[in-house]
Amino acid sequence: MAAALAALFLDAQLMRIAKVEYDLPQIGELREKIQRLEEKIDNLDAMTLRIAPLEQQVARVSSVALRLGYLEHRLAMTEEMMMSQILEKTGLKVYKTRQSSAAVADARIGGHPEHQQANWGGLKVVGVGTGDPDCVFRTLIRFNEIQPDFLNNAKILAATLYLNQTGRLKEGEAALNETLHVFAVKKDWEEGNQVNGVASPGQVSWLATRTGQGTWSISGCGSEIEDYDPVVLATSGPALWGGAEGWVPLRFTVEGIRRLQSWFNGEDHHRGFLIKSAREHTPRTLLEFYSSEYNVESDRPFLEIFYVE
């Protein structure tokens, strides 16, 4: 019996020895793999040290690009002012629409699920574009002076819509290089007076032209057939930076001038404009402007119209 137990013990020991001998090559391979991984880690550390200065250079280049975009924007504004002065000196007459809250109706509407029933007619700013994913903003604006027989049926030669950027947006959400387009709205809507609340009956929102009384055919004044005309009436041109401040000119196209003329002549009814970012569903296309409710009246939106009688 003792001999049998001893034999079993010896067999067990031999099996353990055999397993160790079998594992020895694998242990060697594991050590080699560990060594190679350590070398890769050392290489990554070295690359990180080399990348750090490059990241700093990229940050400086990005900052310069933003400044260049801002300078281009300011140059465009200066050119617009010079053009206005030249046109005025040629004997053309110029009319600047009133900037009182009674003369201008405007409201931002938002497509995020939490914003769709909101009315911002009483907010001191309006906005367009996207700051965060699924958070699209558009702006509706109407100049109440645009009525039949406005300017005594004068012939319009040029027109510009001016919006004043706030400069309040953070770098992570503000547009870097954006263009705005202006369209004619086809449905009547009401501005409302909420600051950040649910639209009351009769007030505009993403869902409704007048809450409880009428809706957009497609939410957000989105139908090109029933809600707005897809023909661009005015545009800002490129290179708008959301972090800038100052006046942004949106120049009317030939079709835009024709449409203004039709409103002044009583051939059509002015229901206001829809202002959209050209890439509104793209992150970091957000732009913000002072609204008709802003404290300083001279910073509110207005139209500048050049005409002859």
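In this predicted model, the charged end of Arg 108 sits over the ring of Trp 120, 4.5 Å from its centre, and Arg 108 also lies over the face of Phe 137, at 4.5 Å from that ring centre. Both Trp 120 and Phe 137 are buried.

The structure holds nine aromatic pairs, two of which are set out here.

| Aromatic pair | Centre to centre | Angle between planes | Geometry |
|---|---|---|---|
| Trp 120 and Phe 137 | 5.8 Å | 65 degrees | edge-to-face |
| Trp 247 and Phe 302 | 5.2 Å | 70 degrees | edge-to-face |

Because Trp 120 lies in the loop between β3 (118-119) and β4 (125-130) while Phe 137 belongs to strand β5, their pair ties together parts that are 17 residues apart in sequence. The pair of Trp 247, in strand β12 (residues 245-252), and Phe 302, in strand β15 (residues 302-308), links parts of the chain 55 residues apart. Trp 247 is partly exposed, with a relative accessible area of 22%, whereas Phe 302, at 7%, counts as buried.

One aromatic cluster is formed by Phe 143, Phe 252, Trp 263 and Phe 273. In the largest nonpolar core, which has 34 residues, Phe 252, Leu 260 and Phe 273 touch the most other members. Apart from this core lies another, of 14 residues, including Phe 183 and Trp 216.

Glu 145 is placed in the loop between β5 (136-143) and β6 (155-166), and with 12% relative accessibility it counts as buried, because the cut-off for burial is under 20%. The side chains of Glu 145 and Tyr 95 are joined by a polar contact of 2.3 Å; beyond four places in sequence, the residues that Glu 145 touches also include Thr 97, Arg 98, Ala 103 and Phe 150.

Notes. Residues numbered from 1 in each chain as written. Predicted model: local features only at pLDDT ≥ 70, side-chain atom pairs only at ≥ 80, totals over all residues. Heavy atoms only, no water. Helix = DSSP H or I, 4+ residues; strand = E, 2+ residues; numbered from the N terminus. Buried < 20%, exposed > 50% of the residue type's maximum accessible area, 1.4 Å probe, protein only. Polar contact = N/O pair within 3.5 Å; in protein donor to acceptor, adjacent residues only side chain to side chain. Contact = heavy atoms within 4.5 Å. Core = buried A, V, L, I, M, F, W, Y, C linked by side-chain atoms within 4.5 Å. Phe/Tyr/Trp six-rings, centres within 6.5 Å; stacked < 30°, edge-to-face > 60°. Lys NZ or Arg CZ within 6 Å of the ring centre and 35° of its normal.
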